[in-house]
Structure formats: structure tokens, C-alpha cells
Amino acid sequence: MAKKHETAIRPTRAENYPEWYQQVIRASDLAELSPVRGCMVIKPWGYALWENISRALDDMFKATGVKNAYFPLFIPVNFLEKEARHVEGFAKECAVVTHHKLEKDQQGELVPAGKLNEPLIVRPTSETIIGDAFSRWVRSYRDLPVLINQWANVVRWEMRTRIFLRTSEFLWQEGHTVHATRQEAIDRTYMMLNVYIRMAEEYLAMPVITGEKSAAEKFPGAEMTTCIEAMMQDRKALQAGTSHFLGQNFAKASGIRFQSAMETEEFGWTTSWGVSTRLIGGLIMAHSDDNGIILPPRVASSHVVLLPILKNIDENEKVMAFTRELAEKLRRKNYHGTPVRVEIDERNIGGARNWEWIKKGIPLRVEIGPKDIAKDSVYVSRRDKDRKDSVSMQKDAFVDEIDTILDEMQSRLYEKALAFQREHTRDIDEKGEFDAFFTPADPQRPEIHGGFARSPWCGSTECELAIKDRLNVTVRCIPFDREADGGKCIECGAAGKGRVIFAKAY
RNA sequence: CGGGGCGUGGCGCAGUCUGGCAGCGCGCCUGCUUUGGGAGCAGGAAGCCGCAGGUUCAAAUCCUGCCGCCCCGACCA
């Protein structure tokens, strides 16, 4: 027997969480770093997750009347300048295109030539260029609402990057809408937030808290930013999606005007909302264990791998025929509107084969050997359970029940993550306790600590920033459902306006 | 951009202090034996030791500069 490891991923979460995160991604074959700083190559097993996420979101968007379109990667610099807070928020992380041509210099090296008259920025987000288009599309209240989404890449020149969580280039969708009234735009903001809540909780099995961002944390130029925040296994918060009510700020900046039914000229009310490949980072950190990633069935790259046990030539053909037939039956099954996704791995590499699929997080592993075939059964292992919980099932029963099994796994992952979130969410009313909650024993190499603190806050940016300076803890969101009970601000002791969620964040 | 750590076959690492043929484990390839939780034996391939200079008879090792990665900050989805 080979050397046994206690865990497939080392270091473990407890030993070194950031390193564990990277090793999980490597071992699961989701993605790798690219030669370009801060960028990533998303490999097929990882990209399939994004495809499944984006397909489900796309369906949900379209069900609310949203249509897809595509806008340019390059944006004139002066577009960004139109909205003051927006330019302040994004200017420092913009990639700028200044030339259109390369020429060889005397050393034979390619150097930029052909300076552009007007530099272009690579979109960090598309409010401005889409606003420009909308200003031409909207003339009358009869043109409203405009409900547009685009699937795109964006670039934000980040100082510190982390694969999937914060990359210089990332994939996302950005929805942009224009409405005739303030209320309609606000309703749309919440409507899309609800889509994100569904994505996180029903598909990613990732419980989220929802609410509004503080003035310091909201989107540059937004009147209100709503968000979903999830707790990762290191108890930090991950902003997993945002939906913004932009008021008339961008309509004024871009000249989105329409003639109302009363024959008056009005500015449109706009929203924007987005989620990104960051969701995959969230999924990893919400569910994975020390043996690798655990994929929630609703978005899993694949649902089940069939592992034929090929022992001797006489029986191999029978085993393979049984395996292929099972694969076909499974693929004809419908799981929440999509065919069950099946892999067959017939490599003869012993137990290592099993471990590869564990590290890749596939929900179900099905071993098929001569002993099973004799009983017309299969041996089923679940990624969310221990090996000793593996069961032998009649083949037909397995085919019949696979959707139920996957759904049970899906809800178990959700319940487990929810229990974790609740376990590490505390009402804290006293400053000393608050500081202790968020202070690691070793600041240079912090152990997993903290969580979500539900604490009273007076609402002032001063207090928020003071807490950030002291502990690197921020207001993650002001929950919609918070109690009116004020308490005393955790920072200044003045009358609070209710409890908000404080946490360290990605 | 500041403080700390680290760059050596695909992955994880030793070797660096004290200069002297580039190593180990896993993985990979071939063959045989195996096979229901990380197989065994035999053979084999694979490295500009992050990059560029310098010192030296000789540099993974010493010196200088640069680049990249990770952690802690500033910035952020």
C-alpha cells in the first residue's frame, strides 16, 4: 500500500488557509495563474462551473424581461469623467490604452508606436458607455424600461490579487436598466438582488446575508448599493454580488432623458447589478474540506463519475458495457432542467483514481465491478460524506433516485454552511469584546478568528473608518431586517441606529 | 507602494551558512505483476536552480540590480 496522507490537501485549512485555498484550486484543476500578473487561465473543470452559473442566471434574468447585448471593451477616457464619484472610484485602477501599433526599435524590440489622440480605458465596468448608448435609445416614456445585461470581461488593476477572488481581469455579467420612476428603479434593484440571493442559496448552497451598503462601501456614484455577503470558512465575509440603485446620477451624466406622458422632459432612473467569477472563489471557500473542493450539485461541473473496476480481460467487456449503459440512462435523466452530467473514468490507476475525483469535488462516485454487476447494483460514494457511508444500490434504484440524492446533498451543503455562519455570528455590544473578537493572536500570521459581529452603529462614516483603521473590520451590510432597537454605537457609544454586520472582508 | 517570507523537473521539497558532477518524494513514460481507498518491481524521460549583471579556475550556493509568488497593511467585486 502506498503512503497514506491524512488529508489530500496540504496544508489544511487550519494550518494555512490562504495556501490551502490555492492548493484546492490546483488539485481540483479549476484554474491556474497566467504569465500575466493577476490574471488566470480558467481550465475546463472550472469553466464548466461558470457556464452552469451563468446559464442559470441568464435564465433568471430573462424571466424578468432582461435582454442581452454587448458593449465595447474600450471606453473613451472622458466618459469616465462624466460622473464625479465614479471617476474617483475607478480612475486609479484603470488600464489605459495609449497606442495602436508596435514597431521594432534599434535593439529589435517591439515598442509602442502610433500614439492615440484620445487614450482609451479598458472597461472596469460599463455604466458610462452603456449610459451613452441608452441616451440615444431612450426618447419617450414608451421606450422604458430598458432592461439590458451583458456578459463580459472587465479589468481592474488591483494591487493585490487572489485567484478567483480578485483578479485583474475577471468575467462577470453587468445588468443596466433605465426606468421612468424612482420607485420602479428601486424595485428593479431589489428584484435583481433577489436573483442573486437565489443563485447563492439555491445553486451555490451558500447562505448569504443581505442588506444595504454603508456610504463608505457603496458603489461610486450609486444612491444605494444592496449586496449579498457570504461567510467563508476562515470567517471572513465575501461580497458575492451587488445591485445598485443609481438614482438619476448616471442619467444626468450620460444625458438619458425622456419625454413623459405629461409631456415634460425627465431624467431616467437607472440601476446596475453584477456578479462575477468571484462566485467560484466563494463556492470553494464555502464548502471545500481538507480533501479538496466540494461542488454543489446544482452547478457542479459534472454530477457523477462512473469508475469501472477492470480486473481481468474476461469480465472487462461486461463491466464496460454495464458502465456505458448506466451512463446513457443517467444522461437521459433530467436534473432541474438539465441532463445529469456523467463522466466515465476507465483508467487503471488503482485507488489514485478515486482520490483524483475527490479532489475535483464531483458529487457522486460510482464504482462498478463484477461483484456489483452480479447483483445488478452499483457502489455509490458521496463527496459530502465519509467513505464508510458509501452504499451499494440497485442500479435502477440509483438511476431513479439520483436527482433526490443530489438534492439531498445540495441541501446538506447549504445547511452545513448556514450552521457555520450562525455559529460564528455574534451579537456584540461592548467595544472590548468587539476588539477581542477581531484580534488574532499572531497578526503576522493570523489564525482563523472572528466572524460576523452584529453590533450597534451610530451610522457615521467617522466611526466606520475608525474601526477599519483599528481592526481592518468594515460594515459589510446594513441588514434589511434589522431590529429598530438602537443600542449604543460600538465605536463612539452614541445612540445607535440598529445592528449592522461587521466583519473582515475579502 | 511599505514590512515579512519564499522562488531548485508537473507538484512538494533538500542542497545555499562553509562555492567543487543538480538531488529526494510524489507525479509522468515503458514493461511485467496488480487492481473494490492513494499498488509492487524493473527500466526511462524530464531542470538555463526566477531573470540580468558581477566576483571566482569554478556559482543553485557569494555580491548588486530586477521580476514573480504568499502573508501583513494601503486599494478593491
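1. A residue is taken to be near a molecule or strand if one of its heavy atoms lies within 4 Å of it. On that criterion, 50 residues surround RNA strand B, and the closest are Arg166, Arg278, Trp355, Asp372 and Arg387. The model is predicted, so that local features need pLDDT of at least 70 and side-chain atom pairs count only at pLDDT 80 or more, while totals for chains, interfaces and linings use all residues. Residues are numbered from 1 along each chain as its sequence is written, chains are lettered from A and ligands numbered from 1 in the order in which they are written, and side-chain values use heavy atoms, with hydrogens and water left out.

2. The composition of the surface near RNA strand B is 16 nonpolar, 14 polar and 20 charged residues, where Ala, Val, Leu, Ile, Met, Phe, Trp, Tyr, Cys and Pro count as nonpolar, Asp, Glu, Lys and Arg as charged, and the others, Gly among them, as polar.

3. An N or O atom in the side chain of Trp355 is 3.1 Å from a sugar or linking oxygen of the RNA, an N or O atom in the side chain of Lys359 is 3.0 Å from a base nitrogen, and a polar backbone atom of Gly369 is 3.4 Å from a base nitrogen. The elements that give two or more residues to this surface are helix H1 (17–28), helix H10 (351–360), strand E19 (364–368) and helix H11 (370–374), with helices (H or I, at least four residues) and strands (E, at least two) being DSSP runs numbered from the N terminus. The largest share, 5 residues, comes from H10.

4. Strand E19 is largely enclosed by the rest of the structure, because 5 of its 5 residues are buried, buried meaning under 20% relative accessible area, exposed over 50% and partly exposed in between (1.4 Å probe, protein chains only). Leu364, Val366 and Ile368 point one way from E19, whereas Arg365 and Glu367 point the other way. In a regular strand the side chains alternate between the two faces of the sheet.

5. Strand E15 (residues 304–308) runs parallel to E19 and is joined to it by 5 bridges, with Val305 opposite Arg365. Strand E20 (residues 377–382) runs antiparallel to E19 and is joined to it by 4 bridges, with Val366 opposite Val380.

6. An open sheet of 3 strands has the order E4-E6-E5, with antiparallel pairing. Strand E4 (74–76) and strand E5 (96–104) stand at the edges, each with a single partner strand, so one side of each is left without a neighbour in the sheet. Between E5 and strand E6 (residues 110–122) there are 7 bridges, and the bridge partner of His99 in E6 is Lys115.

7. Helix H6 (residues 182–203) has 22 residues and reaches 31 Å from its first C-alpha to its last, close to the 32 Å expected at 1.5 Å a residue, that expected span being 1.5 Å times one less than the number of residues. Its buried residues include Ala185, Thr189, Met192, Tyr196 and Tyr203, and just after H6, Ala205 takes a positive phi of about 55 degrees.

8. Strand E8 (residues 169–179) holds His179 and also Thr177. His179 is buried, with a relative accessible area of 2%, and Thr177 is buried at 0%; their side chains make a polar contact at 2.7 Å. Thr177 and Thr189 are 12 residues apart in sequence and 9.2 Å apart in space, C-alpha to C-alpha.

9. Strand E9 (residues 208–212) is joined by 5 bridges to strand E10 (residues 224–231), running antiparallel, with Val208 opposite Ala230. E9 is also joined by 2 bridges to strand E24 (residues 474–479), again antiparallel, where Glu212 stands opposite Ile478.

Technical notes: Two strands pair if DSSP finds at least two bridges between them. A polar contact is a pair of N or O atoms within 3.5 Å; within protein, one must be able to donate a hydrogen and the other to accept it, and residues adjacent in sequence count only if both atoms are side-chain atoms.
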